[in-house]
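This report looks at side-chain packing and charge pairing.

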Amino acid sequence: MLTELSTSQKVVGIRQVKRAVEGGKALAVWLASDADPQLLEPIAALCAERGIPTRTGETMKALGMACALPVGAAVAATVAG
């Protein structure tokens with residue numbers, strides 16, 4: 001599942017993912033299972049409203065590693081070129 005994220009164009013972080021979803025560029029969104037739910041709920045709701053699939057179950061550390069970051073990531077999205 002994270003292979004798709006690590007090999008595709010992506011954006012990372014609450015603000016950038018929100019922009020991608022609102023701009024219609026997000027293809028799928030990953031939400032870290034151990035991130036603060038108050039941060040993730042607005043993104044999850046926006047994705048549901050726009051029909052963008054969300055994926056959960058990965059930790060912040062795993063998402064960060066898949067995005068080639070030295071730190072964890074609460075949210076990431078694959079985006080259209």
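Which residues of the largest nonpolar core touch the most other members? The model is a predicted one. In it, Leu-5, Val-17, Val-21 and Val-29 touch the most other members of the largest nonpolar core, which holds 28 residues. At least two residues of this core come from each of helix 1, helix 2 (14-22), strand 2 (26-31), helix 3 (37-50), helix 4 (60-66) and strand 4 (75-79). Strand 2 gives the largest share, 5 residues.

Val-17 shows the packing in detail. Beyond its neighbours within four places in sequence, Val-17 is in contact with Val-11, Val-12, Val-29, Ile-43, Val-75, Ala-76 and Ala-77.

Now the charged pairs. The model has 2 salt bridges.

| Salt bridge | N to O distance |
|---|---|
| Glu-4 and Arg-55 | 2.8 Å |
| Glu-49 and Arg-50 | 3.9 Å |

What does the bridge between Glu-4 and Arg-55 tie together? Glu-4 sits in helix 1 (residues 2-7) and Arg-55 in strand 3 (residues 54-55), so the bridge links parts that are 51 residues apart in sequence. Glu-4 is partly exposed, at a relative accessible area of 36%. Arg-55 is also partly exposed, at 24%.

In the other pair, Glu-49 is exposed, with a relative accessible area of 62%.

Conventions. Residues are numbered from 1 along each chain as its sequence is written. This is a predicted model: local features need pLDDT of at least 70, side-chain atom pairs count only at pLDDT 80 or more; totals for chains, interfaces and linings use all residues. Side-chain values use heavy atoms; hydrogens and water are left out. A salt bridge is a side-chain nitrogen of Lys or Arg within 4 Å of a carboxyl oxygen of Asp or Glu. Helices (H or I, at least four residues) and strands (E, at least two) are DSSP runs, numbered from the N terminus. Buried means under 20% relative accessible area, exposed over 50%, partly exposed in between (1.4 Å probe, protein chains only). A nonpolar core is a set of buried Ala, Val, Leu, Ile, Met, Phe, Trp, Tyr and Cys residues joined through side-chain atoms within 4.5 Å. Contact means heavy atoms within 4.5 Å.
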